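Please look over the sequence and the structure shown here before reading on.

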Amino acid sequence: MRVPFLDLQALYREDATAYDAAYRRVMDSGRWILGPELSGFEAAFARYCGRRHAVGVGNGLEALRLALLVAGIGPGDEVIVPAHTFIATWLAVQQCGATPVPVEPEEGYFNISAEGVRAALSPRTRAVIPVHLYGHCADGPALEALCASQGLVLIEDAAQAQGAGWGERRVGSFGALSAFSFYPGKNLGAFGDAGAVLTDDDALAHALRLQRNYGSSQRYAHDSLGTNSRLDEVQAAWLTVRLAKLDAHNARRARVAALYAQHLAGIPGLHLPRTAPGSQPAWHLYVVQTDKRQALQQYLQAQGIETLVHYPQPVYGFAPFAAYRPTPRTRSDAICEQVLSLPMGPHLSESQVMLVCEAVRHFFEAHP
């Protein structure tokens, strides 16, 4: 039995009739940009996350960049970011002319903490971007309180955590602005690139809508300098279909995670992901850690089990950000050498999960 890392074809097949009807609805309307499908999705997603406004944009990087831009972040400013994340978080800061300041993950977890952020503050700090990595929610209330006390802008990078939460609040409801990616592999994914920025602030929402559309509130009325970053009608229509299934799909992911936790527990040399108290993960990824990562991945591949590495090095390990690397070996260095993402998704069957678990156990029995 082959076990794919994520079965996107199964995702389409499950609701093919609804996706096809959404496509036909857009084609029949003759509206393909900034039309009713986008407005409807924006309203529905804002309600889902507990926000007043959602502004659809071209992709997750643009969501982060535009959030920083409308928050007034620019040259001379420092923005605190995780060291262990996808490069887009840092790229958005760099593209605004600001300086990224890396913070290492909290001990035993993958996300940064309020205590770690506090230790990195300087007189130039203007914003903090926590990433809800792998679908695990960072401590939104603690980060929100810290930023409020220091006069800082809190911008969530929620690209991997649609539907996750902390306490009674969903990801996307913390801080001034929240940036989402709807890349196809996300828990809430489009069938191409797409993103959104959420906020409760009317002025910020208005500024975002101007920025995504050439700085224009109406045709040939350009109130500010802007860009072209619009979530199109077809993707918005498909995202509306997926949003209706998000909680059900996340529940299936949680079942997969529970099976992994049950059947992989106690294996010497294998560390399973921990859930912080108060956090409700969306289980975008199920990431284990082991010193035998390469050998385990090769063994699983030979058994027809697809795995991935998210991420093989901290962002300061890439040439454009090498100047930000701390001198001593970091916690992120160690994490990046050990992480391995096992198959995860709403269409992973119990028999497939058990096959993965059996293969992992056999590997460690043969390689004590």
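## Strand E5 and its partners

Two bridges, 2 in number, join strand E4 (residues 125-128) to E5, and these strands run parallel. Strands here, like helices, are DSSP runs numbered from the N terminus (strands E, at least two residues; helices H or I, at least four), and two strands pair if DSSP finds at least two bridges between them. Within E5, Leu154 is the bridge partner of Val128. From E4 the chain passes through helix H7 (residues 140-150) to E5 in a right-handed β-α-β crossover; right-handed means that, with the strands pointing away from the viewer, the path from the first strand over the helix to the second runs clockwise.

E5 is also joined to strand E8 (residues 177-181), by 3 bridges, and the two run parallel. Ile155 has Leu177 in E8 as its bridge partner. Strand E5 (residues 153-157) is mostly covered, with 5 of its 5 residues buried, that is, under 20% relative accessible area with a 1.4 Å probe, protein chains only. Val153, Ile155 and Asp157 lie on one side, and Leu154 and Glu156 on the other. In a regular strand the side chains alternate between the two faces of the sheet.

## Basis of the model

The model is predicted: local features need pLDDT of at least 70 and side-chain atom pairs count only at pLDDT 80 or more, while totals for chains, interfaces and linings use all residues. Residues are numbered from 1 along each chain as its sequence is written, and side-chain values use heavy atoms, with hydrogens and water left out.

An open sheet of 3 strands has the order E7-E6-E12, with antiparallel pairing. Strand E7 (169-170) and strand E12 (279-280) are the edge strands, each pairing on one side only. Between strand E6 (residues 165-166) and E12 there are 2 bridges, and Gly165 stands opposite Gln280.

## Nonpolar cores

The largest nonpolar core has 44 residues, and Phe41, Phe45 and Phe182 have the most contacts inside it. Such a core is a set of buried Ala, Val, Leu, Ile, Met, Phe, Trp, Tyr and Cys residues joined through side-chain atoms within 4.5 Å. Helix H3 (36-49) is among the elements that supply at least two residues each, and H3 gives the most, with 7 residues.

Leaving aside neighbours within four places in sequence, Phe45 is in contact (heavy atoms within 4.5 Å) with Phe180, Phe182, Leu188, Leu198 and Leu243.

Note on methods: Buried means under 20% relative accessible area, exposed over 50%, partly exposed in between (1.4 Å probe, protein chains only).
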